[in-house]
Amino acid sequence: MSRCTRWPRTHDVGTVYPLAEGGYRVRRESDRTLLGEVDSVEAAYELVAARLPDGCGPAIDGASDDL
């Protein structure tokens with residue numbers, strides 16, 4: 001996920017991926033950090049919210065250079 005709508009994007013917000021065996025994996029693509037694996041989609045998005053970058057607000061209509 002990204003904090004902006006245009007390229008280049010930041011990819012510094014966690015992304016949730018469903019796991020074949022059940023549960024969800026949460027990763028941050030900007031540095032390929034595994035943020036965790038959890039059992040529910042609610043817990044996955046709680047993890048995303050807890051690991052937002054400092055000063056993160058709503059996505060902007062612009063590129064990463066505009067942040």
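Me: Is C4 buried or exposed?

Reply: Buried means under 20% relative accessible area, exposed over 50%, and partly exposed in between (1.4 Å probe, protein chains only). C4 has a relative accessible area of 5%, so C4 is buried. This is a predicted model: local features need pLDDT of at least 70, side-chain atom pairs count only at pLDDT 80 or more, and totals for chains, interfaces and linings use all residues. Residues are numbered from 1 along each chain as its sequence is written, and side-chain values use heavy atoms, with hydrogens and water left out.

Me: How many disulfides are there?

Reply: A disulfide is a covalent bond between the sulfur atoms of two cysteines. The rule used here asks for a pair of cysteine sulfur atoms within 2.5 Å. By this rule the count is zero.

Me: Which elements does the protein chain have, from the N terminus on?

Reply: Helices (H or I, at least four residues) and strands (E, at least two) are DSSP runs, numbered from the N terminus. The protein chain has one helix and three strands, in the order β-β-β-α.

Me: Which peptide bond is cis?

Reply: Most residues other than glycine have a negative phi, and most peptide bonds are trans. In this model a cis peptide bond joins W7 and P8, with omega about -5°. P8 sits in the segment before β1 (15-18).

Me: What is the phi of H11, and where is H11 placed?

Reply: Phi of H11 is near 55°, a positive value in a residue other than glycine. H11 lies in the segment before β1, and at 38% relative accessibility H11 counts as partly exposed.

Me: What about R32: where is its place?

Reply: R32 is in the loop between β2 (24-28) and β3 (33-38). R32 is not a glycine, yet its phi is positive, about 55°. At 63% relative accessibility, R32 counts as exposed.

Me: What share of the residues of the protein chain count as buried?

Reply: Of the 67 residues, 30% count as buried. Along its principal axes the C-alpha trace spans about 40 × 20 × 15 Å.
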